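The sequence and the structure are shown below.

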Amino acid sequence: MDVNGLITKVTWKIEVLSDVGSKSMGLNRQLTKVTWRIENFSSIKDYKLCSESFTVDDSKWQLIIYPRGNNVGFLSIFLRVADSAALASGWTRYAHFGFAVIDQFDRENSKTLATKKEFNANYPIRGFGSFLPLTELRNPKRGYLLNDACLVEAYVFTGRTVDMISHEFIVKTDLDQRKTKEGDCFKAAIGNQKTTTTKPVEVINPSPTLAIELEQPVEEDMNTFFTSLESELSSSGIVYSKEEAKEALAKINEALNMTPVDLNDSGKFSPLKQAFMILASFDGSSTTLTIEQTNELLGLEERLKELANRAAKAVQDKNQLAAKESIKRTMTRSLESSLIRYNEVETEVKQVDQILAALHEEVVEAQKKREKMLAERNGIYRSCKEMKMKLDALGKEWAVYEATARVGEEEEKSVEAEWGRIKDFMSSINGKI
C-alpha cells in the first residue's frame with residue numbers, strides 16, 4: 001500500500017517450465033517463470049517493491065523493483081535470495097536469470113535482459129540498476145504501462161547451462177498471448193484518448209500478497225548499486241592485454257603458492273576474482289582458452305574460497321582436540337595433587353585425634369586444630385567430587401572430540417589433494433599465456 005492510501009494491485013503467478021528444452025538443452029533442474037503484474041503503477045510512491053518469495057530447486061528468492069529507479073533515471077530490477085541475513089557464511093548458489101518488462105501491445109518488443117551470476121552471503125542480490133529508462137517506460141506509444149499496469153516476468157534457473165535464457169526465449173514464451181484484446185483496443189484508440197489513471201481505492205485491510213517498503217537509500221541500496229555496477233562491467237566486453245593477463249596469472253600463482261589456511265587468513269579473494277575474470281576474458285591469437293577452461297576459471301575463485309574455508313575449519317577441529325587435551329592434563333594433575341593433600345590431611349586428623357586422647361589438658365587447643373583440618377578436608381572433598389564429575393563428563397565426550405579431529409585430518413588431506421590439482425591445472429594454463 002502506498003502513502004496516499006492507494007492499493008497496489010498485484011497478480012502473482014509462478015510456473016515451472018520443466019518441459020521447455022529439457023532434453024535438447026540438458027536441463028536437470030527447474031526453469032521457473034514468475035509473472036508479476038502491478039497495477040496503479042504510476043501512483044506508487046514507495047521507493048522499493050519486494051515480491052513474495054518463490055522457490056527454485058531448494059532455494060527461496062524474491063524480486064526487487066525500484067519503480068522510480070535506484071538513484072538513477074531507470075527502472076531497476078533485481079533478484080535477491082530470500083532471508084539473506086540468515087545465510088551461512090559458506091552458502092553459494094549459481095543462477096542464470098532474466099527479466100522482462102512486457103510490451104503489452106507486442107510481446108516481441110518487450111525489454112529483456114539476462115545474465116549469469118554467483119550468489120552468496122556477501123552478495124545475495126544481483127540484477128540490473130539501469131534496466132529500462134523511465135522515459136521509455138512511461139511512453140504511451142509503448143505498451144509497458146497499459147492501463148497503468150506493469151507486467152514483469154522473471155526466469156530463474158540454478159544450473160550452469162550457458163545462454164539458455166535469452167530475449168528470443170523470453171518473448172516466445174506465451175507468444176500466442178502477446179497481444180491481448182485489451183492491448184489491441186487500447187492501441188487502436190491511443191491517438192484519440194488520453195491515458196487513464198486508476199481511481200483511488202480506500203483500503204481497510206491491505207493485501208498481504210505484496211510487501212512494499214518505504215525507505216531512503218541505506219546500506220542495502222548501496223550494495224544493490226554496486227552489484228548492478230559489477231553486472232554491467234562484467235558484461236561490458238572489455239578486451240584485456242597480454243600484460244594484464246600475465247599479471248592476473250601471477251596473482252593467481254602467488255595465491256596458489258600459499259597454503260589454503262594462509263590464503264583464508266590473508267583475505268586476498270577480491271584480487272583473485274578480478275584476476276580469474278581477466279584470464280577468462282583474455283583472447284589472444286594463439287592462446288584462446290577452451291569453453292571448458294573458461295567456465296572452470298570463472299568458478300575457481302569461489303572454489304578456492306571454499307577450499308580455504310574447509311582447510312581453516314579442519315585446522316580448527318584439530319586445534320580443538322589439542323585444547324581439550326591441555327584441559328584434561330591440567331584437571332588430572334590437579335586431582336593428583338588434591339588426592340595427595342587429602343591423604344596428608346587425613347593422616348594429620350588421625351594424629352590430632354591421638355593427641356587429644358592422650359593429652360586431655362591440650363584438648364581445647366587440639367579441638368580447634370581438628371575442626372580446621374576437618375573443614376579443609378570437607379572442602380577438598382567437595383572440590384574433588386565436582387572436579388571428578390567434570391572429568392567424567394569430559395570422558396563421555398572424548399570420543400566425539402577424537403572423531404572430529406580424525407575428520408579434520410581427512411579433510412585437510414582432501415584439501416591438499418584438491419589444492420595440488422588446481423596448481424597442476426594452473427600450470428597447464430601458464431604455457432598458454
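## Aromatic rings

In this predicted model, Trp61, Phe97, Phe99, Phe119, Phe128 and Phe131 are joined into a cluster by ring pairs. Searching the whole structure gives 10 aromatic pairs. One of them is formed by Phe97 and Phe99, whose ring centres are 5.5 Å apart and whose planes meet at 50 degrees, so the pair is classed as tilted; both Phe97 and Phe99 are buried.

The whole structure contains 20 salt bridges. Among them is the bridge between Asp58 and Arg93, in which the closest N and O atoms are 3.5 Å apart. Asp58 belongs to the loop between β4 (54–56) and β5 (59–66), whereas Arg93 belongs to strand β7 (residues 92–101), so the bridge ties together parts that are 35 residues apart in sequence. Asp58 is exposed, at 63% relative accessible area, while Arg93 counts as buried, at 17%.

Lys390 and Glu386 form a salt bridge with an N to O distance of 3.8 Å, and both residues lie in helix α9 (residues 363–430), four residues or about one turn apart. Lys390 is partly exposed at 47% relative accessible area, as is Glu386 at 46%.

Asp392 and Lys388 form a salt bridge at 2.8 Å, N to O, and they too are four residues apart in helix α9, about one helical turn. Asp392 is partly exposed, with 35% relative accessibility, and Lys388 is partly exposed, with 40%.

Definitions and conventions:
Residues numbered from 1 in each chain as written. Predicted model: local features only at pLDDT ≥ 70, side-chain atom pairs only at ≥ 80, totals over all residues. Heavy atoms only, no water. Phe/Tyr/Trp six-rings, centres within 6.5 Å; stacked < 30°, edge-to-face > 60°. Buried < 20%, exposed > 50% of the residue type's maximum accessible area, 1.4 Å probe, protein only. Salt bridge = Lys/Arg side-chain N within 4 Å of Asp/Glu carboxyl O. Helix = DSSP H or I, 4+ residues; strand = E, 2+ residues; numbered from the N terminus.
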